[in-house]
Amino acid sequence: MSARGHRATARTLAWLLASACALWVWWGPAGRAQAENRVTMRGQYYRETSTRILQPQVTVTADAPDERLTLGAGYLLDAISSASIASGAAQITGGDKVFHELRHEVTGTVGSRLGEWTLGGFFRYSTETDYISRATGVSVARDLLQRNINLAFSYGLNLDRWYRIVNNLGVRQPWCGGAVPPQGCHKDGLGVGSNFLQVHLFGLNYAHALHKTVLASFHVNYAHQVGPQDNPYREGLLGGIEETHPRIRNRVVMTPSVRWAIPKARLVIEPFYAFYVDDWGMRSHSPELRVHGRVARHVLLRGRYRYYKQTGAFFWRPDGQYVDGDAQCTRAHPENCATADVKVMPWDSHTPGVQLVWEFDGIARHKGLHWLEGGFVEVTYNHAFQHNRYGNARIGNLALSLAF
Amino acid sequence: MCKDGRARGEVAVVFAALAAITGLASGCVTVTPAQREQLSKPEMNPATDIAEDVWHGHIEAARHGAMGGHGGAGGGCGCG
């Protein structure tokens with residue numbers, strides 16, 4: 001990273017830390033934790049052969065004055081370093097160098113619990129060099145049968161704008177997908193000649209306490225995406241042909257899961273399965289098992305194993321041979337498609353992981369440490385053995401959360 | 001929903017099977033508030049994993065063909 005980039009990152013991190021401290025000083029002296037007000041700081045890390053992501057994050061939620069109105073705010077920074085050709089490293093850096101990028105994300109949330117009803121809403125704005133995303137959503141949930149059942153519905157809308165960096169000076173132009181030539185692509189408006197991607201996301205969740213030690217849930221998501229969904233930087237991997245994916249995608253994922261507590265063993269067993277299918281011809285199966293163990297009164301240890309397997313999209317070709325064309329890629333005309341995207345190729349992965357949570361309630365009983373009540377520190381590590389060109393990935397997470 | 005007929009069939013079959021299992025399993029079971037000691041523990045609360053799921057959802061959006069149902073902003077993170 002350049003010295004300027006280092007300074008910018010250091011300034012942002014310092015600002016984050018100062019903001020978190022200021023919030024803590026502001027609300028902290030209120031004394032013993034009473035409500036659900038909470039500040040959480042997270043540091044997340046992702047590393048694979050050619051890409052590294054550092055992601056500090058701070059979130060604050062506060063009841064105003066109680067659960068009938070809960071307000072929240074969050075800030076997240078994505079610091080991405082990549083040497084991958086597919087990330088545009090060669091174009092952006094002017095050579096075969098590591099490419100750095102920052103993504104800033106701010107989120108505002110509002111929630112309300114009114115008897116058996118829970119309402120929520122959010123707005124999120126995310127910006128980076130070549131991408132702007134605005135997302136909003138609402139949710140409503142209802143407790144039924146003496147709170148044995150919870151039924152929730154959510155709707156989210158993403159309104160995104162794509163760009164691509166065209167030289168090492170950072171000049172950018174709108175990206176409307178590989179089938180639209182640059183002169184026909186506009187940074188406003190809707191439709192084929194615009195860089196606008198919209199996503200409608202519907203969610204339905206059903207949770208049911210089946211027994212005093214068993215909680216079952218079933219979640220289904222449907223997403224409808226319209227707009228450019230190909231990467232502007234992969235022509236180097238395609239012999240000079242622009243990557244071209246279909247503009248429309250319909251996606252469904254269904255996720256049944258169970259949490260089963262075994263009190264004598266201080267264990268919770270959590271089997272989890274996700275089945276995904278879309279109209280690009282892709283399917284994935286993802287079984288997962290989590291075992292939560294309370295190894296001490298205030299210490300939780302969790303082990304995790306996840307297997308993930310996906311098929312390829314209808315337009316993916318094993319030989320990687322595509323033809324250049326300016327027509328839209330559709331199921332009726334797959335000859336117009338071209339891809340070098342690992343996301344639409346068949347591959348699988350194995351991900352073991354471990355998490356340790358230390359709840360501060362134990363030490364909060366000591367004199368002068370009452371303010372730690374309800375707080376915790378959480379450390380997580382996952383290792384993804386990915387059978388694709390990205391190779392294996394290391395995924396870490398450190399969180400500190402304090403109630404006030 | 002999906003234009004692919006096979007995909008539509010698979011979604012319908014899986015959805016119906018899971019709905020049937022859930023319906024049969026639920027029956028008339030009622031757990032009273034006094035019996036909820038285990039259910040109230042943090043490790044039994046799916047909400048405790050939300051932040052972690054959002055982070056994994058972000059990774060999956062950049063790496064997987066499937067979506068995790070987590071939402072997540074961005075997508076043009078330049079790490080493809």
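Analyst: Helices (H or I, at least four residues) and strands (E, at least two) are DSSP runs, numbered from the N terminus. By that numbering, A:A265 sits in the chain A loop between β11 (248-262) and β12 (267-278). A:A265 is partly exposed, at 41% relative accessible area; buried is under 20%, exposed over 50%, and partly exposed in between (1.4 Å probe, protein chains only). A:A265 and A:V295 are 30 residues apart in sequence, and 9.7 Å apart in space, C-alpha to C-alpha.

The model is predicted: local features need pLDDT of at least 70, side-chain atom pairs count only at pLDDT 80 or more, and totals for chains, interfaces and linings use all residues. Residues are numbered from 1 along each chain as its sequence is written, chains are lettered from A and ligands numbered from 1 in the order in which they are written, and side-chain values use heavy atoms, with hydrogens and water left out.

Now the disulfides. A disulfide is a pair of cysteine sulfur atoms within 2.5 Å. Over all chains, the count is two.

One joins A:C176 to A:C185, S to S 1.9 Å. This link of A:C176 and A:C185 is right-handed, with 85 degrees about the S-S bond. A:C176 is buried at 3% relative accessible area. A:C185 is buried too, at 7% relative accessibility.

A:C329 and A:C337 form another, with sulfur atoms 1.9 Å apart. The link of A:C329 and A:C337 is right-handed, with 85 degrees about the S-S bond. Both A:C329 and A:C337 are buried.

Last, the pairing. With the bonded cysteines of chain A numbered in sequence order, the pattern reads 1-2, 3-4.
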